[in-house]
Amino acid sequence: NGLPEKGYVAELVIAAFAKQGYRVKIEFYPWARARQLASEGKVDGILPIFNDSESENREQLIYSKPFPGDTIGLLKKKSFPFSYSSKSLKDKTAFVSQFEKYSISMVRGSISLPVFKEFPFAKKQIISKDIQSLDMLEMDRIQFALIDKYTAADLLTSERPHLIGHF
């Protein structure tokens with residue numbers, strides 16, 4: 001996955017289970033596959049996961065209490081000329097409609113899906129890994145990436161340091 005110590009969520013889960021005497025093995029899959037493996041009982045859990053009332057396997061999972069961290073937003077190139085006023089945030093429909101002529105990426109089956117539904121007008125590019133969003137932004141194939149800001153920072157630092165400062 002490229003994140004130090006597999007990311008802070010993995011560190012937290014490993015530490016919590018270790019306190020109870022359990023050893024955790026963490027494997028990385030695309031979100032859609034991870035959800036399928038969990039619904040088939042082939043893995044014991046998924047992390048992190050959004051408690052989504054619309055999820056097809058909602059009834060098959062037990063959710064922990066939420067913990068801080070996931071800060072999903074839209075990432076763009078600094079050179080891309082897009083701005084909005086704080087006034088536009090008051091009218092959700094007007095704000096979201098500003099994106100109708102742009103392409104936005106998101107990871108297939110990811111926890112971002114509830115947020116992504118808020119952009120019905122946008123051209124959606126479904127990808128398998130977050131790193132693809134950074135590459136697509138760099139090549140101007142998309143204008144925005146729906147991504148957790150800490151994931152983006154970790155990926156830039158560990159896998160695309162030449163892009164630091166471009167987004």
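In this predicted model, Phe167 makes contacts well beyond its neighbours within four places in sequence. Its partners are Leu75, Lys76, Lys77, Lys78, Leu134, Leu137, Glu138 and Leu156. Phe167 also belongs to the largest nonpolar core, which has 19 residues. Within that core, the residues with the most contacts are Phe167, Leu75, Leu134, Leu137 and Ala145. Two or more core residues come from each of helix H2 (31-39), H5, S4 and H6. H5 gives the most, with 4 residues. A second core is separate and has 11 residues. Phe95, Tyr102, Ala122 and Leu146 are among them. In soluble globular proteins, nonpolar side chains tend to be buried together.

Helix H5 spans residues 130-138. Its buried residues are Ile131, Ser133, Leu134, Asp135, Met136 and Leu137. Just after H5, the backbone at Asp140 takes a positive phi of about 60°.

The packing of H5 against H6 was examined next. Their axes lie 10 Å apart, at an angle of about 70°. H5 is therefore roughly perpendicular to H6, since angles of 65 to 115 degrees fall in that class. On the H5 side, the contact is made by Asp130, Ile131 and Leu134. On the H6 side, Thr151, Ala152, Leu155 and Leu156 take part. By type, the residues of this contact divide into 5 nonpolar, 1 polar and 1 charged.

From the N terminus on, the order of elements is α-α-β-α-β-α-β-α-β-α. The protein chain has 167 residues, and 34% of them are buried. Among contacts with a separation of 6 or more, 53% link residues 24 or more positions apart. The accessible surface of the chain comes to about 11,000 Å². Carbon and sulfur atoms account for 53% of that surface.

Technical notes. Residues are numbered from 1 along each chain as its sequence is written. This is a predicted model: local features need pLDDT of at least 70, side-chain atom pairs count only at pLDDT 80 or more; totals for chains, interfaces and linings use all residues. Side-chain values use heavy atoms; hydrogens and water are left out. Buried means under 20% relative accessible area, exposed over 50%, partly exposed in between (1.4 Å probe, protein chains only). Axes are lines fitted to C-alpha atoms, for helices over the stretch in contact, and angles run from 0 to 180 degrees between N-to-C directions. Angles under 35 degrees count as roughly parallel, over 145 as roughly antiparallel, 65 to 115 as roughly perpendicular and the rest as oblique. Contact means heavy atoms within 4.5 Å. Ala, Val, Leu, Ile, Met, Phe, Trp, Tyr, Cys and Pro count as nonpolar, Asp, Glu, Lys and Arg as charged, and the others, Gly among them, as polar. Accessible areas come from the Shrake-Rupley method with a 1.4 Å probe; for residues, only the protein chains shown count as cover. A nonpolar core is a set of buried Ala, Val, Leu, Ile, Met, Phe, Trp, Tyr and Cys residues joined through side-chain atoms within 4.5 Å.
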